[in-house]
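Here's a quick briefing to read alongside the picture. Have a look at the sequence and the fold, then work through the points below.

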Amino acid sequence: MADAAEDGWRVMTMLAYRPFLDPLALDAYWYLLLIPIAIGISLGYKAVRVRDMKDYPRQVLVLSIQIVVSMVALGVGAYLVVQHVLPVITPR
Amino acid sequence: MNTPANPSKPASPPDEIGFEPVAVVAGVVFPGAGHAARGEVKRGVAAAAGVLGLFVGGMLVGGIDVVDSKEDKFWFIGQALVGPIAFGVDYYHQNHLKVVDTKAGRQVRRTAYPTEGRDAATGKPVPGGNPPNTKSVSKINELGMLSCCLAGMLNLIVVIDAGWPTRRKTGGA
């Protein structure tokens, strides 16, 4: 029941969405925004970094994947430390 | 004049180094224009795509509320590095979208509540109307501000590269 109400609210929010004036209703999928941010950073950084612009698309792809994989690895690492390592080493 | 230290070694063509004030000014005015002014149009377009993609993407996700020099001053310091575009967006946000409210005898600008509209002539809140924009909150707001701030910091790198062209290494990040 609550899920149906939440879905209905999300649909209504999306229908009333005004680009650049209202925020997107992506609160449930916020972590996916890592991908466009990683691509944007790679596009700008590699533009000034690559020597030959022929290598640009491949280098952008590689850096984007490196950023996303690194952030996921950091997230997994932080999860393991907080959930599994800290309970073991903290005095009770 | 550059002379190779060891004349027996084959000399690679010297890379362009030095300071280009025109490129710095162009890069500050519009992202990527510094490279274009130096004749590297393709590189300038690529840099602009990255910087503006992050800036416009951030506003698309979090709404114009993510660019706010009054309420998010420290984030705006980073966002301002995008150049006049960031200041223009902030000016529009402060003067054409926020409502002018009176609190404790002095005028303050704030985002209209969901139940309020905005009087175009005075800027005062009108009960019962549609708000000109919606305030973003939580992670969507944070990610929007972060994206726009990253755009500014990236543009600083782009402007420095345009103004002080130097040797680019082959390969690697």
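In what kind of crossing does helix 2 of chain A pass helix 3 of chain B? The crossing is left-handed, a label used if the near helix is turned anticlockwise from the far one by less than a right angle, with right-handed for clockwise. Keep in mind that this is a predicted model, where local features need pLDDT of at least 70, side-chain atom pairs count only at pLDDT 80 or more, and totals for chains, interfaces and linings use all residues. Residues are numbered from 1 along each chain as its sequence is written, while chains are lettered from A and ligands numbered from 1 in the order in which they are written.

- The model scores ipTM 0.83 and pTM 0.86.
- Chain A has a mean pLDDT of 89 (pLDDT is the predictor's confidence in each residue, from 0 to 100), and 85% of its residues reach 70 or more.
- In chain A, confidence is lowest in helix 1 (residues 2-15), at a mean of 63, and highest in helix 3 (residues 56-89), at 97.
- Helices here are DSSP runs of H or I with at least four residues, strands are runs of E with at least two, and both are numbered from the N terminus.
- Chain B also averages 89, with 86% of the residues scoring at least 70.
- Over residues 1-5 of chain B the pLDDT is below 50.
- Where pLDDT is low, the predicted coordinates should not be read in detail.

**Where the chains meet**

- Chain B gives 35 residues to the contact and chain A gives 24; two residues are in contact if their C-beta atoms, placed from the backbone, lie within 7 Å.
- On the chain B side, helix 3 (41-62) and helix 6 (138-163) are the elements that give two or more residues.
- Helix 3 of chain B supplies the largest share of that side, 14 residues.
- Helix 2 (residues 34-49) of chain A packs against helix 3 of chain B at about 155°, with the axes 8 Å apart; axes are lines fitted to C-alpha atoms, for helices over the stretch in contact, and angles run from 0 to 180 degrees between N-to-C directions.
- These two helices are therefore roughly antiparallel to each other (over 145 degrees; under 35 is roughly parallel, 65 to 115 roughly perpendicular and the rest oblique).
- Among the residues that meet here are A:Gly40 and A:Leu43 from helix 2 of chain A, and B:Ala47 and B:Leu54 from helix 3 of chain B.

**Inside chain B**

- Helix 3 and helix 6 of chain B pack at about 165°, with their axes 8 Å apart, so they are roughly antiparallel to each other.
- Helix 3 of chain B passes helix 6 of chain B in a left-handed crossing.
- Strand 1 and strand 2 (residues 106-110) of chain B pair in the antiparallel sense over five bridges; two strands pair if DSSP finds at least two bridges between them.
- B:Lys103 has B:Arg106 in strand 2 of chain B as its bridge partner.
- Two residues sit between the strands of this hairpin, where B:Ala104 takes a positive phi near 50°.

**Inside chain A**

- Helix 2 and helix 3 of chain A pack at about 135°, with their axes 8 Å apart, which makes helix 2 oblique to helix 3.
- The crossing of helix 2 and helix 3 of chain A is right-handed.
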